[in-house]
Amino acid sequence: MTVLVGYVPTPEGEAALRAGVAEARIRGETLLVMNTSRGDSYVDRGLAERKDLAHVRRDLTGQGVDFDIRQVIGGRDAAEEIVELAESPEISLVVIGLRHRSAVGKLLLGSSAQRILLDSPCPVLAVKADS
């Protein structure tokens, strides 16, 4: 079985990664770190650069965690990619980071986290970044 972490190079993404590591250890499972970008804009805050992924790789290797990292660029939005991957019978849990958004922000931009929470076929653990 596998714990899937939706990773972005932000404090929320780092919180999700820490929680994912803890869950993978508790469950005795592999960790799958997923980063996605639609690739349709010049600046994408959610896209992990090589240095970000190298940091994740070093950190997880140092912790002795069995892991894999996947990055999908040019596909669908993050929520769709994560929900589709969560449909695999090997995914036992999805871990995502949350950030505070105003009601207007949620209305205008939608919420990937909300879509993952509602559409994932397996349990979802949503964590906040440390204050």
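Of the 131 residues of this protein, 41% count as buried, meaning under 20% relative accessible area with a 1.4 Å probe and protein chains only. This is a predicted model, in which local features need pLDDT of at least 70 and side-chain atom pairs count only at pLDDT 80 or more, while totals for chains, interfaces and linings use all residues. Residues are numbered from 1 along each chain as its sequence is written, and side-chain values use heavy atoms, with hydrogens and water left out.

Colour next by secondary structure: the protein holds five helices and five strands, taken as DSSP runs numbered from the N terminus (helices H or I, at least four residues; strands E, at least two), and from the N terminus on they run β-α-β-α-β-α-β-α-α-β.

Now select the five strands, which form an open sheet with parallel pairing in the order E3-E2-E1-E4-E5, where two strands pair if DSSP finds at least two bridges between them. At the edges, strand E3 (67-73) and strand E5 (124-128) each pair on one side only.

Select residues 2-6 and 30-37 to see strands E1 and E2, paired in the parallel sense over five bridges; the bridge partner of Val5 in E2 is Val33.

How values were computed:
Buried < 20%, exposed > 50% of the residue type's maximum accessible area, 1.4 Å probe, protein only.
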